[in-house]
Amino acid sequence: MKIEILEKNDISLRIVVREADVPLMNALRRIALAEVPTMAIEEVVMIENSSILQDEIIAHRLGLTPLKTDLNSYNLPEECECKSEFGCPQCRVTLTLDAEAKEGTKTVYSGEIVSENPDVIPVSDKIPIIKLAKNQKLKLEAYARLGRGKTHAKWQPTSVCAYKYFPQITTPTEKCEDCTKCVDVCPKKVLSIKDAKVDIRDLLACNLCMDCVEACPKKPSPLKIDWEKNAFIMSIESTGALPPERILKEATKTLGKQLEEIEELLKAEEVEAQ
Ligand SMILES: [Zn+2]
């Protein structure tokens, strides 16, 4: 298998994976979405809430606020040695919020949430939590824990996790007649005209929609769109909880663990059968 990085920054990663197949790509996609753990607020204790929003709505908004996750220092609650419903410092982070609108209406942003661990804080401090009118107060304590996207979307580490086939475009060898229909129709602006011939401007942008082939007045069209059977472009966009390459690494680790588990079970069955 070969991997080539097309684009990488703090929150997104785009790679080309060659010599892979659909089941593998889909397994990685699903694990990255649903099984890589992240931190999210799970419990909220309201100390004072004189705002117009009910406690449940505020708790829901806090739960969906993405938190930076420190995967190395915390355990999943079900795997933690404490086995406690309330959690321990190894499986729980306490966050507090104490806001009051002293001088007129005030919007409380995620930046006002104070965490006991400076590595586990909201990914952005500009997420509005609530709007308070003058003299209204909101005071609460919240507990964040690791969890998985398959339990609740708040634990999903990715906002985008998708793959597509690697496109292959064959442009007409001859000069086209006075027509730029294929170039004009493409929503991704993949094609361009160079010396009166159709040229590929941005191959990787092609999403195989075939609009260009349909728009061609010649039937069959000399323009051919195809895809490589064993090459894929994978895009991962993180919510900010984990770096995108870490999400992919954790996904491959989880897949490996699941396969090992199956192998162990098969071995146990064999021993029993003997
Ligand atoms: Zn614990």
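Reply: A cavity is a set of grid points where a 1.4 Å probe fits but cannot get out, and a volume is the space filled by probe spheres set on such points. The model is a predicted one.

By this rule the count is one cavity of 30 Å³ or more. The largest cavity holds about 100 Å³ of space. Its lining is made up of 14 residues, and those nearest the centre are C186, V190, C206, C209 and C212. By residue type, the lining of the largest cavity has 11 nonpolar residues, one polar residue and two charged ones.

The pockets come next. A pocket, unlike a cavity, is an open set of points. The second largest pocket contains about 200 Å³ of space. It is lined by 14 residues, with I3, I15, V17, L248 and T252 nearest its centre. Strands β1 (2–8) and β2 (12–18) each give two or more residues to this lining, as do helices α1 (22–34) and α5. Helix α5 provides the largest share, four residues. The lining of the second largest pocket divides into 11 nonpolar, one polar and two charged residues.

The largest pocket has a volume of about 380 Å³. Around it are 17 lining residues, of which P37, L76, R148, E250 and K257 lie nearest the centre. Helix α5, which spans residues 244–273, gives the most to this lining, with seven residues.

What are the protein donors of the zinc ion? They are the SG atoms of C80, C82, C88 and C91, lying 2.2 to 2.3 Å from the ion. Along the sequence, these donor residues follow the spacing C-x1-C-x5-C-x2-C. The arrangement around the zinc ion is tetrahedral because the four donor atoms subtend angles of 104 to 112°, and four donors count as tetrahedral if all angles lie between 85 and 135 degrees.

C91 counts as buried, because its relative accessibility is 1% and buried means under 20%. C82 has a relative accessible area of 30%, so it is partly exposed, a class that lies between the 20% limit for buried and the 50% limit for exposed.

Methods:
Residues numbered from 1 in each chain as written. Predicted model: local features only at pLDDT ≥ 70, side-chain atom pairs only at ≥ 80, totals over all residues. Heavy atoms only, no water. 1 Å grid on protein atoms, 1.4 Å probe; cavity = no way out; pocket = protein on both sides within 12 Å on 5 of 7 lines; lining within 4 Å. Nonpolar A, V, L, I, M, F, W, Y, C, P; charged D, E, K, R; others polar. Donors = N, O, S within 2.8 Å, 3.2 Å for Na, K, Ca; no water. Tetrahedral: all angles 85-135°; square planar, octahedral: opposite > 155°, others 65-115°. Buried < 20%, exposed > 50% of the residue type's maximum accessible area, 1.4 Å probe, protein only.
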